[in-house]
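I opened this notebook to record what I looked up about the contacts between the chains and the strands.

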Number of protein chains: 2
Amino acid sequence: MPQLPSLEHFNNKSLRERILDTLKSAILSGELKPGQTLVETDLASQLGVSRAPLREAIQILNSEGLVSTVPYHGTTVTKLTRTDIEELYSLRSVMESFAIQRILEQHHPTAVTDLQAIYERMIAAANDNNWRDLNMLDREFHDTIITLSGHSLLASTWNTVQMRVQQVMSLHNLRNRNIVQVANNHLPIINAITANDLPLATRVIQQHIASTGDLIAEGWHVDEDAS
Amino acid sequence: MPQLPSLEHFNNKSLRERILDTLKSAILSGELKPGQTLVETDLASQLGVSRAPLREAIQILNSEGLVSTVPYHGTTVTKLTRTDIEELYSLRSVMESFAIQRILEQHHPTAVTDLQAIYERMIAAANDNNWRDLNMLDREFHDTIITLSGHSLLASTWNTVQMRVQQVMSLHNLRNRNIVQVANNHLPIINAITANDLPLATRVIQQHIASTGDLIAEGWHVDEDAS
DNA sequence: CGGTTGTAGATTGTCGACAATCGACTGAAT
DNA sequence: ATTCAGTCGATTGTCGACAATCTACAACCG
């Protein structure tokens, strides 16, 4: 049977899921900014759908913490305070440390080569001064660490945290850093895993994440006014 | 103005939230068993509501992982495999260790006394051979550890994990243990916190949780047949 | 003039009906 | 007998309309 590539590329998702994807990506990319209000009627007509699947999508966003609904008043994109960011990165650090611990314990066969492959693409992106690709690869690198741990509950919990990190990165450009150094910062993690040295790996990953987190938290400004 | 105590104690929750509470408590108590199918039409008429708020509640349960929906087919209560339970308890261990680390770091003033108060009630419940109260207090004890850490993101993530633990406990009675010893097992945790000894506290909490988790995982049976 | 009460507009919450999809069963053609 | 198209019943997915609630502002009373 010939491999028809498309044609069910469009429709096989429920409206609710497509709405969810749309909203989620708008929030994570910063297109919908923290504090911004989502009016169901407007959104529904704007997307060309009824309010029922839209509301279902909003409930999901709510329970993922990306938006916050106050009854009979409205739904707003969750604001990120400086404390939120510190919590985000500290929890992320714990989760990745745990993941690495598991990777080392079970002597995962392809872990090192998998991460090295991503690392090499990072170096290439850095040499091209391509921040967009580098950010994508950074996400892929850390996602891979979680995936390699083989802990599905950790992975789904990670997803929530990772989304918020992505949102933070979109809202706060850190491009005044040395791009090659940002890429290189991932090498010590690979080395520690290669050496099978858990204490070292833990220290390295925690320092790696904390440095980025601190950098963002320090420069974080929230507009406290609401007019 | 005289303090009218009640009268808005009843209705001020949306239908969706009341449905959510009802379903959640039914799942966590084991009244709705893993694998069981939820039919929207039946549930709605049974609860005396329309399907719209019911579906919104189901979406939330879905994103919390308590149920699983397959399109046009149905929603079933998520099954718990042995691997799920191992993951549950290993992640729980990481989260509580992290919480205790933070409690020690910030020298939380009331942590020890708060936990001691719960511990004493546990002893009382154990002496009364009251498993119901002891289980409630056990949950309160560990919830308190998370709360005392002052990490709101950890707390909300904990909530997901804690719910699943509660579900597991409902489905698997562990009452052939020595009730006084179960209560006493919490004392080393308090002692380690009192001594401000992080490595000891980490070891103790991990061992505490792992023992329960292993106990459950060992005796876990899932009916693989569906018929 | 200050404070309370009521009303209007906007927004979310809920409902009942209809459409789309799936799985099993049927039945005819080969 | 086997296979495949068609149909039926059940269930989820979506829609438009109506009800409940909140905020702001205006009107009324002291």
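The entries below concern a predicted model.

**Entry 1: DNA strand D.** I found 22 residues around DNA strand D, and Leu15(A), Ser50(A), Ala52(A), Tyr72(A) and Glu40(B) come nearest.

**Entry 2: DNA strand C.** DNA strand C is surrounded by 22 residues, of which Glu40(A), Leu15(B), Ser50(B), Ala52(B) and Tyr72(B) are the closest. Two or more residues each come from helix 2 (40-47), helix 3 and strand 3 (74-77) of chain A, and from helix 1 (15-28) and helix 3 of chain B. The class count for the surface near DNA strand C is nine nonpolar, eight polar and five charged residues.

**Entry 3: chain B against chain A.** How many residues of chain B are in contact with chain A? I noted 21 residues of chain B, in contact with 21 residues of chain A. On the chain B side, helix 3, helix 4 (82-105) and helix 7 (152-171) each supply at least two residues. Helix 3 of chain B gives the largest share of that side, six residues. I recorded the residues of this side as nine nonpolar, eight polar and four charged.

Technical notes: Residues are numbered from 1 along each chain as its sequence is written. Chains are lettered from A and ligands numbered from 1 in the order in which they are written. This is a predicted model: local features need pLDDT of at least 70, side-chain atom pairs count only at pLDDT 80 or more; totals for chains, interfaces and linings use all residues. A residue is near a molecule or strand if its C-beta atom, placed from the backbone, lies within 6 Å of it. Two residues are in contact if their C-beta atoms, placed from the backbone, lie within 7 Å. Helices (H or I, at least four residues) and strands (E, at least two) are DSSP runs, numbered from the N terminus. Ala, Val, Leu, Ile, Met, Phe, Trp, Tyr, Cys and Pro count as nonpolar, Asp, Glu, Lys and Arg as charged, and the others, Gly among them, as polar.
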